[in-house]
Amino acid sequence: MERDREITLRFLAEPTDVNFGGKVHGGAVMKWIDQAGYACAVGWSGQYCVTLYVGGIRFHRPVLIGNMVEVSAKLIYTGKTSMHVAVEVSAGDPKEGLYTKTTQCIIVFVAVDDRGTPVEVERWEPKTEQDIALEQYAKKLMELRKDTEEEMGPHGIVL
Ligand SMILES: CC(C)(COP(=O)(O)OP(=O)(O)OC[C@H]1O[C@@H](n2cnc3c(N)ncnc32)[C@H](O)[C@@H]1OP(=O)(O)O)[C@@H](O)C(=O)NCCC(=O)NCCS
């Protein structure tokens, strides 16, 4: 049985998600991103998963309270125990039905057992041209992250 590699969450941005400027709080958006990514990784691996890395979050546009929000998460690369998930957030006025991309990012999850030890995940094989390009993109980002981590050192700078 081929497992699902993508998931979409849909809901309304609630007044409890507001920031000091009257729009949706960036932290609320990051929570939605993590939840959608987690559901995607668990759905693929059939295992509990932990977030290893969240990168490239770019807030292109604000999300407004009362907007319909769509958070789409798609597996774009599997390693031995890790899964790289691309997440995109779109939002818009439900009365108009026009949704625009507000945010995107890549999250790396690792499947773990009851002791928190990484366990192997089923490999995802890209077949379409678009999926091959997405996998290449994930690999390229992995290389870029290696360079960044080398520059930052094992624990980043000391504040
Ligand atoms: C995720 C975690 C289990 C990985 O543990 P680890 O000892 O590094 O495990 P491994 O060395 O076996 O690596 C596991 C996978 O992570 C990848 N990985 C580890 N360090 C990495 C890094 N710095 N960058 C990218 N990938 C990394 C490895 O490549 C491996 O993937 P692969 O099997 O697909 O090749 C551990 O770091 C952890 O528990 N972190 C905390 C997670 C957490 O609490 N998240 C919640 C957010 S606060």
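Which residues are buried in H1? In this predicted model, local features need pLDDT of at least 70 and side-chain atom pairs count only at pLDDT 80 or more, while totals for chains, interfaces and linings use all residues. Residues are numbered from 1 along each chain as its sequence is written, and side-chain values use heavy atoms, with hydrogens and water left out.

In H1, the buried residues are Ala28, Val29, Trp32, Ile33, Ala36, Gly37, Cys40, Ala41, Trp44 and Ser45. Buried here means under 20% relative accessible area, exposed means over 50%, and partly exposed lies in between (1.4 Å probe, protein chains only). An α-helix has 3.6 residues a turn, so residues three or four places apart point the same way. Helix H1 covers residues 26-45, which makes 20 residues. From its first C-alpha to its last, H1 reaches 28 Å, close to the 28 Å expected at 1.5 Å a residue; the expected span is 1.5 Å times one less than the number of residues. The buried residues of H1 pack against strands E1 (6-12), E2 (48-59), E3 (68-78), E4 (82-92) and E5 (100-112). Gly46, with a positive phi near 70°, follows H1.

The protein as a whole has two helices and five strands, in the order β-α-β-β-β-β-α from the N terminus on. Helices (H or I, at least four residues) and strands (E, at least two) are DSSP runs, numbered from the N terminus. The radius of gyration is 17 Å, close to the 15 Å that the globule rule gives for 159 residues, so the protein is as compact as a globular protein of that length. This radius is taken over C-alpha atoms, and the globule rule is 2.2 Å times the number of residues to the power 0.38. Along its principal axes the C-alpha trace spans about 50 × 45 × 35 Å. Of the 159 residues, 33% count as buried. Contact means heavy atoms within 4.5 Å. Among contacts between residues at least 6 apart in sequence, 71% join residues at least 24 apart.

H2 has 24 residues and reaches 35 Å between its first and last C-alpha, close to the 34 Å expected at 1.5 Å a residue. Asp131, Glu135, Ala138 and Arg145 are buried in H2, and what covers the buried residues of this helix includes E2, E3, E4 and E5. Glu135 counts as buried because its relative accessibility is 6%. Leaving aside neighbours within four places in sequence, Glu135 is in contact with Ile76, Tyr77, Arg123, Trp124 and Pro126. H2 is followed by Gly153, whose phi is positive, near 85°.

Val85 lies in strand E4 and, at 0% relative accessibility, counts as buried. Not counting residues up to four places away in sequence, Val85 touches Gly37, Cys40, Ala73, Lys74, Leu75, Cys105, Ile106, Ile107 and Phe109. Among these residues, Gly37 and Cys40 are themselves buried in H1. Leu12 lies in strand E1; at 45% relative accessibility, Leu12 counts as partly exposed. Outside the four places on either side in sequence, the contacts of Leu12 are Gly66, Asn67, Met68 and Pro94. The C-alpha atoms of Leu12 and Ser72, 60 residues apart along the chain, are separated by 15 Å.
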